[in-house]
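Student: Could we take a close look at a single part of this structure together? I would like to see how that part sits in its chain.

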Amino acid sequence: MDEIRCPMCSTLNPSEADVCRQCGARLKPVLGIPTGGKTGPLEAGDLPPVPDWLNRIRSDLPGEEGEAPASEGPDWLGRMREAATPGDEGPPAGEVPEWLKEDAPAPDEPAPSAPAPRTAPPAPAGKPAAASSTAEPPSPSLTPIEPGTSKPNETSMAGETPEWLSRIRDREAKARQRPGQEPEEDWLARFRDEAIPSAAQAKPDKKEARPEPPGVSPKPPPKEAGPAELRPMARPPAPVPSRAPEPIPAALQPPIPETEAPSQDLPKVPALILDSGGTATPGAEDIDLESIQLPEWMSDLKGGGPEEAAGERSRRDLAPATIPAWLEAMRPIDTFRSVVEIQPEEEQSVEAAGPLAGLRGVLLAEPVVAMPRAPGMDMGRVDVTDRHYAQAELLQKMLEEEAHEAPVAPGQRRRLPLLRWVVGAAVLLAVAIPAVLGATWFPVPSPEQWPPELVGFRSVMGRIPTDRASLLVFDYEPGYAGEMEAVLGPVVDDLMTRGIPLATLATRPAGRILAERILARYSSLHGFAAGEGFLHLGYLPGGATAAQAFLAAPRQAWESVGGAPSEGDVWVSPSLASIQTASDFGAVFLFSAGAESARTWVEQAGPLLDSTPLLAVVSAGVEPILRPYYDSQAPPLDAIASGLPMALAYEGANGRQADALSRWNPYGSGMLAAEALLAGGTLYGLAGWLTRRRPA
Amino acid sequence: MLSLPLSELIGTIAAALLTLMVLSYLLGDNVLFRIAVHIFVGVAAGYAGATAWRGVLEPALIEPIRRGGLTAIFDPLTLIPVLLILMLLLKLSPATARAGGLPLALLVGVAAAVTVGGAISGTVLPQAWAAAESLSPTEVSPLTGETGLERTINVAIVLLGTLGTLFYFRFAARRSSGGVVGRPALGVVLASVGQVFLALTFGAMFAGAISASLVVLAERVQFVWGVVGGLLAAGTGAG
């Protein structure tokens, strides 16, 4: 069963099929020029209906009603011919150049086939040269090729080749051939061997497709854009070599396989197609192409004039160009490395699917698109310095270290905190020894040595009225009780000594306990009874907001937070009955160990207390913060007491030695030890600094 | 020592032991120190909660309802705080935490307003007045009675310290004609002076903290030694 290979996808189809079963392409091309209503082997019914416009065109042609002459084309084709055959484009049709006449055989001799360019010079760009050549009437001096009588390698065709032209072609072929390269005729021969049989098999009785020489772009498939009658004439222009550096004149082209004419009536193109085994025109070997003055159009077709030919020879003589070293160094090698290794044609795979099925050597898209490629940057051309080498070695070392299993480090020897032990022991012993031994290493300050703040403090204490309660705000945590009780103890003692009723208020949850503790301690000394001599207002939550609210309206603020239920209604007490605002208190004492809370109370109480004195008994660490409020020109703080020296002095002023005296010697010893350690540390750091500076 | 009530005796002994456990931190972080810290934190938190309940929530929230019945809830002085409390409790859940933003914003806003107002009237303005005192030697300080050169020097120190501290916290810079960005020369000098004043202030605070800590340490040592001495005396007396 004969099969037809699809020209598009190379799929084998039954011979009777009209279209490809794979891609749907037409297998039997509609051959074109109507000859008496019969179009080659195709049936008339297969032809598409002739459009009206074409009928009108046909009817306009004189003497050819409904039938286009074989030797004439439509008007547009005639115009193209006219444009393609000016005097400078080539010889007129049927005119043979003088040089050819000289070598031409006698009129009685069989005329050789004239080269195609002479009868149909290549049309300018954009003009369908094949169409024009097809429509050109055969030259009287040339013998057309009889259709169906020759094959590409047949001698009948070769016998029509001028001998001179064969020799010229042989010389050119030898001149182009390089050592180690395959002669040009070889690939042509292979191409013919592959292309022609397949074409002959596909279309044994039709005009064979003209195989494209290598380097020529594949001809696009015929489109059904125009009438079928015009398709042969409107055949695409002669293939333009896409990779050939210069066009090869038709006279120098290798022999092209002969194509069969569709019918006897079709215009016959005298082909100048020579086979390697063909015979050349007698006497042609004596022709020197260089001495022949070719027409200008042929010179152009040859690829330039004599200047260009000379340039071509000079280019051949030139030494191969060399790239400068610096440019060679910049040339990215990996970037342009071939991704797809081109295999020999015999080893290339045959496309199995798609429109290119059956073709061999189809470029695969996958290696180009999907397969990993070399990086775009030329990584191998980076200037590597010693630092880079060092870093690379370091990185490699790190990687090697990570590859190995790290040995289990032995238990790290714990360093003993000797310095901490020394400092702690020094301070602890300095404090403990006087406390245990009861030593009196540090004398009690005399009244002349009392702090100057004590005078002001006691002065303010002397102005506190005794008919109304004074407010004691406990604003410290139990951790500071050891210091605070030592300082505020003498103050509370002095207040009770003066018979001033007291009301305590805690701004911290544990403040109430601390207040009860200190008042219970001194009330027993002065006979103060709870509820009479002193009251506990309890805990006042809310921080600065609560302090501001309490100072503005103590009773309302106290009631808003619930007050102290265990105390009952403390405001009915005689000492608190007259209290409406904070300024109604006899005085406000702030016992605080926190800098922020102490400052908040001072800031909030200052504008609200009017003439009511505000006295602060604070921790030694808070004293620097509150000091400016005491030393200012309009001080919101009327008196301040802090630190053990102040407490000791206050006890001395009260005439009752208590906690401050018992802690004076341990405190003094501890301060001495701390100062010695600070001095020693400072000297050690200074010595180290000087030691480090000396080498520099 | 043994004459104390049992509860007080136990409390005294526990206080002494906890003191020693805390002092054991001198040897390094150890389990005794951690136990003592956990006990202190737990006791402080528990006591704070109990105080808040007994001193605030129960008398201000529960007691009015108990006395006045359910109608007391609709009292604005009770209802609004209850609603705010409930909304604040909604912050416990991330899904409803947004509803707790209102009472939190109220707390923060009011506290900030009170604090800023007090800071301006109680700190900023008095400090400005102190820095704006006359440098005339003929003036007499109404507080201390200083006069003459001594007062002038003191006023100058206050002025210099105030300006220097303010310049130290001024981080703005100016680009000179040469393109160099930096403080003016006078600003750099004043900032350096301010840095000295700040260092002196922090040094004084550190010294005060050491002083307070030594007083506390002395009290604790005396307490522990008193307990140990009492126990030894009690043991000796019993023996």
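Student: What percentage of the 696 residues of chain A count as buried? And could you then take me through helix H17 of chain A?

Tutor: Happy to! This is a predicted model, where local features need pLDDT of at least 70 and side-chain atom pairs count only at pLDDT 80 or more, while totals for chains, interfaces and linings use all residues. Residues are numbered from 1 along each chain as its sequence is written, with chains lettered from A and ligands numbered from 1 in the order in which they are written.

Of the 696 residues of chain A, 36% count as buried (20 or more other C-beta atoms within 10 Å of a residue's own, with C-beta atoms placed from the backbone; exposed is 12 or fewer, partly exposed in between). Chain A has 24 helices and eight strands (DSSP runs numbered from the N terminus: H or I of at least four residues for helices, E of at least two for strands).

Now to H17(A), residues 511-526. Its 16 residues should span 22 Å at 1.5 Å a residue, and the end C-alpha atoms are 22 Å apart, so the two agree (the expected span is 1.5 Å times one less than the number of residues).

Buried in this helix are Gly511(A), Arg512(A), Leu514(A), Ala515(A), Ile518(A), Leu519(A) and Tyr522(A). An α-helix has 3.6 residues a turn, so residues three or four places apart point the same way. The buried residues of H17(A) pack against strands S3 (470-475), S4 (502-506) and S5 (534-539) and helix H16 (481-498) of chain A. Just after H17(A), Gly527(A) has a positive phi of about 70 degrees.

Note on methods. Two residues are in contact if their C-beta atoms, placed from the backbone, lie within 7 Å.
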